[in-house]
Structure formats: structure tokens, C-alpha cells
Amino acid sequence: MEEADRVQLLGQARRYLQDLCLFEEGAFIAPLAQEVLAPAAPLAEEAPAVQDQAAVLEVFRQQICECTRCPLGQTRQRFVFGDGDPGAGILFVGEGPGEEEDRQGLPFVGAAGQLLTKIIEAMKMQRSQVYICNAVKCRPPENRTPTAEELATCAPYLERQIEILRPRIICALGRTAAQALLRVNAPLNTLRGRLHQYRGIPVVVTYHPAALLRHAEWKRQTWEDVKWLRREYDGTEL
Ligand code: SF4
């Protein structure tokens, strides 16, 4: 067997086993309420065997869209998977759906989402050129912060989503998203300004747009973060 065929076969087998584990109670669930979890393993080198990334993503969405594994599944109106270009180089990850997102079933469509769209446009990109999702896929009641248990229960979904998307760079929006991705318990001010790694993918941390609506004085620092994000992504200086 050729080396390329062997690598492709191993990749397919790995994904098949991951999909099997996905619905095995407990086996795919990250440990609950642990302060610092071990970093996720790097993504495999090989490219996805399935050519149609959008189709793979849609199959995955259908597999999990009726999830009730954590209490948020009981109170949501709509499951919010993610939105954007499945082949995008930049992935934005927020905390969780808010009221408008819960109503529409789409991420970042409320006031904070409109601000995120403006931030992306200020980066000289269109929203349709990136992909946007959240650490938890269902709205926490009253927009409270998701609990450690809720984040840990939903974490395998984000992991699989990123594995399918394979972005070149990730922007974590706010402390909760950054902590969920990086599996650290550090405050936002120590996470910003450093280039982190998520399974071999660089991660830039910045403020959540909802925080910017309450604290306009943080917009300048956010602008510095996203200029850096764009520079790291493709070398463009804004
Ligand atoms: S937040 Fe995640 S784990 Fe909880 S019910 Fe929704 S999809 Fe399932």
C-alpha cells in the first residue's frame, strides 16, 4: 500500500472511532469542573479525507442539534451551531448564544453580533469570509455565564467543529471562550496579548463584543488585538 493511502486510511479510521465515541455516554465527555484540563492533542497532520467540508459540517450539525446532554438543552429555544464559510481561515469563538441568537438559531446576530460584524469589516474582511461559533451551543438562561459543567459537556462539539473547519487562526472572544478553548483558568488580561495554541492552531484572545457595548474604552485594545490577528493570519497590516 502507498504511504499516502496508508495515511488516508488511518485518518478515516481515526475519525470513525471519534464519531463512535461521540455518542458513547461519558466516553467523549471532558472531565467536569476541573480547574485546569490537559491541553487537547494537536490535530493530525493529514488533510480531511472528505472533500466536502460543508457537507461534513452539516452532517455533524444534524447529529448534535437535538442534544440535551446539559441543562441548557432544556431551556433553549433554538440550538445554535455556527455560521459562516466552512472553509474560512479565521474562526471566531464566543461564549454562548444570547436572546436573539436563541430566537434565530444563529450566532452573533444581536447587538453584540452587529458590533462583531463591524470589527470584521474593520479588518477589511466580510463576515461571510469567516466562521463564527460559540463554546456552548444553547443559550444560558438570562444570558448568565455557562457553568464549568455545561462548558465541559459541550466541549467535544467545539473540538469536533474545529477539527472539521481546520481554521488557520482562531480568535477567542472573551474570557469564557478563551478558557474553554485553552483549558486554563487565567483572567482575560493575562490571556490577551499572547499568541496561544489550540491543537497546533494559533489563538488570539480579545474582548467579547458584548463587553465592548458596556465598556467602549476597551475598543482601542480590541482594535490592536484584531490588527494583530489579521497580521498573523495573512500578513496584512491594517
Ligand atoms: S449546550 Fe451543548 S451540551 Fe448542552 S444541551 Fe446544548 S449542545 Fe448539548
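Me: Where is R166 found?

Reply: R166 is found in the loop between α6 and β4; helices (H or I, at least four residues) and strands (E, at least two) are DSSP runs, numbered from the N terminus. The model is predicted: local features need pLDDT of at least 70, side-chain atom pairs count only at pLDDT 80 or more, and totals for chains, interfaces and linings use all residues. Residues are numbered from 1 along each chain as its sequence is written.

Me: Why is R166 called partly exposed?

Reply: A residue is buried if 20 or more other C-beta atoms lie within 10 Å of its own, exposed if 12 or fewer, and partly exposed in between, with C-beta atoms placed from the backbone. R166 has 18 other C-beta atoms within 10 Å, and is therefore partly exposed. Its phi is positive, about 45°, although R166 is not a glycine. Most residues other than glycine have a negative phi.

Me: What makes K124 exposed?

Reply: K124 has 9 other C-beta atoms within 10 Å, so this residue counts as exposed. K124 lies in the loop between α5 (111-122) and β3 (131-134), and its phi is positive, near 60°.

Me: What makes helix α7 mostly covered?

Reply: Eight of the eight residues of α7 (175-182) are buried; among them are R175, Q179 and L182. These buried residues pack against β2 (90-94), α6, β4 (169-173), α8 (188-191), β5 (196-198) and β6 (201-206), where two residues are in contact if their C-beta atoms, placed from the backbone, lie within 7 Å. Just after α7, R183 takes a positive phi of about 60°.

Me: Which residues touch the most other members of the largest nonpolar core?

Reply: A nonpolar core is a set of buried Ala, Val, Leu, Ile, Met, Phe, Trp, Tyr and Cys residues joined through C-beta atoms within 7 Å. The largest one has 47 residues, of which F92, V93, A172 and L181 touch the most other members. Its largest share, eight residues, comes from α6. Leaving aside residues up to four places away in sequence, F92 touches L116, V130, I132, C171 and L173.

Me: How many bridges join β4 to β6, and how do they run, parallel or antiparallel?

Reply: Two strands pair if DSSP finds at least two bridges between them. Four bridges join β4 to β6, which run parallel, and A172 has V205 as its bridge partner in β6. Three bridges join β5 to β6, an antiparallel arrangement, in which Y198 stands opposite I201. The hairpin of β5 and β6 has two residues between the strands, and R199 there takes a positive phi near 50°.

Me: How many residues surround the ligand, and which are the closest?

Reply: A residue is near a molecule or strand if its C-beta atom, placed from the backbone, lies within 6 Å of it. The ligand is surrounded by 13 residues, the closest being C67, C70, G73, C138 and C154. Helix α6 (148-165) gives the most to this shell, with four residues.

Me: How is the shell around the ligand divided by class?

Reply: The shell has seven nonpolar, three polar and three charged residues. Ala, Val, Leu, Ile, Met, Phe, Trp, Tyr, Cys and Pro count as nonpolar, Asp, Glu, Lys and Arg as charged, and the others, Gly among them, as polar.
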